[in-house]
Amino acid sequence: MNDFSQSLQLIAAEEILTVVGLVLLVVAAWAGDKASRAISIAAVAALAACAFIAAPTLCQGLVGPERVAFFGQYSADAFSAFAKLLIYAAGGAALIVAPSFFGRVAAIRAEYPILILFAVLGMNMMVSATDFLSLYIGLELNSLAAYVLAAFLRTDERSAEAGLKYFVLGALASGIILFGMSLTYGFAGTTSFAGVNAALSGDLSTGALFGLIFVLAGLAFKISAVPFHMWTPDVYEGAPTPVTTFFATAPKVAALALTMRVALGAFGSQVDAWQQIVIFVSLASIIVGALGAIGQSNIKRLLAYSSINNIGFLLIGLAAATPEGAAAMLVYLAIYVAMSVAGFVVVLMLRDAEGNPVEAIADMAGLSRTRPALAWALAAVMFSLAGIPPLFGFWGKFVVFQAAVNADLIALAAIGIAASVIGAFYYLKVVKIAFFDEPAGVVSESGESGVDAAAHKVLLLVSCLFISPLGYLLTPWLGDLAQKAAAALLFVG
């Protein structure tokens, strides 16, 4: 049994985030908003330190009883390390792009990086949770920070509306998860994932089945899966764009990793009970996401439906319920984070002559003639999200379809491939408007210079290189790390 000191060593990253977050909170209270840039730099440094801690755990594929802390409440294994590295990268990107955006609307506040840190702390706990109690604490810590972030622009009606919608529906989802957890505890007699797995290994009672369904329904809200996706387009559109960048990446990784732990860990002995649910949610998300995006005129709403669509493809890997399916999901997640960051950095760089954000797709007409580099970056993101080879987004879809076929879910893979053709339409529509329509004369050079402009360009360049055909050079390395993480997730010791 792990002693308390060993448990404290295993949660070193969470300790760093907690201490740095609290110290920066005091600094913000004393120094005010003028210290926001310094606080952001300190927050990025804290995330980098946490990534430095997580990397060896993933590279060595560490797993087993010695990686379990606080008597089975928490696991610092390779699977959680993979998810945490993606969360830290996404959180860092959301911090890097923020000063330029908030500075332009005179809404820069020192609390933004602190809220990001506390949200990341909650997500750390989510992906490492091996007990329903630690799961719920992490989920709520992340959610409370996210509600404030969504409504961060207090003077903007859209932001206030986004925060309110996210809060009301998020509270409903938390209640659904809590009810499902209580039912599961009542029929399993334990809140431990391993204990629930063992207790439900025989015939599944009706009450336990309802517990399973409620837990998965609540988690479906957190990952924006159909039919619990209704909040996503409004929140993505209304929230400040750096916050939307964060929502589209880090919480998605955390919620999907948590869903994998619950489905394959706590309910791993009852695959037949939840597999059909996941297959339905997967196909519904692919189709609704694709069809919903077709009529959108706002680029952020389109990316919201694209997010729902991609969640559907990711869930195909979960439906396979195999180590290969879990590894495929992780590979897809890594590529998806890079695509989302690149997409939202492009959106942040779309400005009119006065420096106001341009979000209407029609206003991007002729972008290739006014901002050619930005237009090519946008095209790379759209083609990659559509899964068109040779861009790296194709590889993400390929590995999940391959896992589904190898798990004898051939019909699911076939429908998914057919539905991806629908999705290609709205991505290609954006590219057509940017490259072949007459210039609208709205988007112009942003006039940005200095550190913020350089940070945007570097972030966009790195993300675009990753999703370009050069990304295929990383497939052996990325596949190996994903297999180590999947093996840790499914480890039975």
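**Notes on the predicted model**

1. Ser 128 belongs to helix α6, which covers residues 111-128, and as with everything below, this placement is read from a predicted model. The residue has a relative accessible area of 0% and is therefore classed as buried. Once neighbours within four places in sequence are set aside, the contacts of Ser 128 are with Gln 73, Tyr 74, Ser 75, Ser 80, Lys 84 and Arg 261.

2. Lys 84, one of those contacts of Ser 128, also takes part in a salt bridge with Glu 14, in which the N to O distance is 3.2 Å. This pair connects distant parts of the chain, since Lys 84 sits in helix α4 (residues 78-96) and Glu 14 in helix α2 (residues 12-31), 70 residues apart. Lys 84 has a relative accessibility of 6% and so counts as buried, the cut-off being under 20%. Glu 14 is likewise buried, because its relative accessible area is 6%.

3. Arg 109 and Glu 111 form another salt bridge, with 3.4 Å between the closest N and O atoms. Here Arg 109 is partly exposed, at a relative accessible area of 26%, and Glu 111 is partly exposed too, at 29%.

4. Lys 300 lies in helix α15 (residues 299-320), whereas Glu 359 lies in the loop between α16 (323-349) and α17 (367-370), so the pair ties together parts that are 59 residues apart in sequence. Both Lys 300 and Glu 359 are buried. Through salt bridges that share partners, these two residues belong to one network together with Arg 158, Glu 161, Lys 165, Asp 234, Glu 237 and Arg 301. For the structure as a whole, the number of salt bridges is 13.

5. Cys 464 is located in helix α21 (residues 451-467), and it counts as buried because its relative accessibility is 15%. Apart from residues up to four places away in sequence, Cys 464 touches Ala 342 and Ala 377. As a distance check that can be repeated on the coordinates, the C-alpha atoms of Cys 464 and Ala 284 are separated by 29 Å, the two residues being 180 residues apart along the chain.

6. Turning to the whole protein chain, there are 22 helices and 2 strands. The radius of gyration is 21 Å, close to the 23 Å that the globule rule gives for 493 residues, so the chain is as compact as a globular protein of that length. Along its principal axes, the C-alpha trace spans about 65 × 55 × 40 Å.

7. Of the 493 residues in the protein chain, 59% are buried. When contacts between residues at least 6 apart in sequence are considered, 81% of them join residues at least 24 apart.

8. The last point concerns surface and charge. The accessible surface of the protein chain comes to about 18,100 Å², and carbon and sulfur atoms account for 70% of that area. The chain carries 22 positive and 28 negative charges, and the mean positions of these two sets are 6 Å apart.

Note on methods
Residues are numbered from 1 along each chain as its sequence is written. This is a predicted model: local features need pLDDT of at least 70, side-chain atom pairs count only at pLDDT 80 or more; totals for chains, interfaces and linings use all residues. Side-chain values use heavy atoms; hydrogens and water are left out. Helices (H or I, at least four residues) and strands (E, at least two) are DSSP runs, numbered from the N terminus. Buried means under 20% relative accessible area, exposed over 50%, partly exposed in between (1.4 Å probe, protein chains only). Contact means heavy atoms within 4.5 Å. A salt bridge is a side-chain nitrogen of Lys or Arg within 4 Å of a carboxyl oxygen of Asp or Glu. The radius of gyration is taken over C-alpha atoms; the globule rule is 2.2 Å times the number of residues to the power 0.38. Accessible areas come from the Shrake-Rupley method with a 1.4 Å probe; for residues, only the protein chains shown count as cover. Lys and Arg count as positive and Asp and Glu as negative; His and the chain ends are not counted. The place of a charge is taken as NZ of Lys, CZ of Arg, CG of Asp or CD of Glu.
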